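Could you walk me through this structure, with a look at how some of its side chains meet? I would like to follow it residue by residue at the screen.

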Amino acid sequence: MKKLFILLMILAAVCFVGVWIYQTQRLKKNAQAPIGKGQVVMNWGLIILFVIGLVGTFTAPSTKTSAPAEHHPANEHATKVSKAQSSSESAAAASSSSSQSASSSSSATSSSVSSSSSSQLQVDFPTDVSLNKTGDATVSFKAPANTQFEIKDSNNNVVTTLNGNAQGADQTYNFKKPGKYHVTAHNGDQTIDKDLTVRGIGQ
């Protein structure tokens, strides 16, 4: 649009200069020659066209400045799409990292439980016995060397403590009262608890 106004301004200027030269030469040849109404109208018409072209040149929008504005939304959309892709990739990476951490934690927990189970203190004794006719119930406790047993009654009172020996021989205790007992075995940092029931005579 701006180029059209420039072209109009140039054509009006050229035509006006041509008419002005023609009229000047005509007046030089014949100073008494009258100026026709058509020439006046032509002169003013050319001047008006020149002014319109001049004003339009400065007021018409430039195609160069409007072009970036047309492409700006596309660039902004491309930027948003790029940011969305980056966000999704970051979320996927974080999810993968969390899964790996959870897997590592689970493996570590499993290894710890397995190690604890394999190193658990192993003891062996009957957990349900009855008093014989003489009112006794002898229980033999089998455990590794230097294992200590602590026996408590149902009221949490310590009945006896059996100190382990270096040879790992069986330890025995003669129960004389029926009831429920709680046995705790200690060997270093290892501890295990078991319940033991002593029944009355003939039960």
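This is a predicted model: local features need pLDDT of at least 70, side-chain atom pairs count only at pLDDT 80 or more; totals for chains, interfaces and linings use all residues.

Residues are numbered from 1 along each chain as its sequence is written, and side-chain values use heavy atoms, with hydrogens and water left out.

Let us begin with the rings. A pair of aromatic rings is described by the distance of the centres and the angle of the planes. Rings of Phe, Tyr and Trp (its six-membered ring) pair if their centres lie within 6.5 Å; planes under 30 degrees apart count as stacked, over 60 as edge-to-face and the rest as tilted. The structure holds four such aromatic pairs. In one of them, the ring centres of Phe125 and Phe141 are 4.9 Å apart and the planes stand at 55°, so the pair is tilted. This pair links distant parts of the chain, 16 residues apart: Phe125 sits in the loop between α3 (63-118) and β1 (128-130), and Phe141 in strand β2 (residues 137-141). Helices (H or I, at least four residues) and strands (E, at least two) are DSSP runs, numbered from the N terminus.

Phe141 also pairs with Phe149: their centres are 5.0 Å apart and their planes at 40°, so this pair is tilted. How accessible are its members? Buried means under 20% relative accessible area, exposed over 50%, and partly exposed in between (1.4 Å probe, protein chains only). Phe125 is buried at 7%, Phe141 is buried at 1% and Phe149 is buried at 0%. Over the face of Phe125 lies Lys194, at 5.6 Å from the ring centre; for this, NZ of Lys or CZ of Arg must be within 6 Å of the ring centre and within 35 degrees of the ring normal.

Leaving aside neighbours within four places in sequence, Thr160 is in contact (heavy atoms within 4.5 Å) with Phe149, Glu150, Ile151 and Tyr173. Thr160 is buried, at 17% relative accessible area.

Finally, look at Asp193 in strand β7 (residues 190-199), which is partly exposed at 45% relative accessibility. The Asp193 side chain makes polar contacts with the side chains of Thr184, at 2.7 Å, and His182, at 3.4 Å. A polar contact is a pair of N or O atoms within 3.5 Å; within protein, one must be able to donate a hydrogen and the other to accept it, and residues adjacent in sequence count only if both atoms are side-chain atoms.
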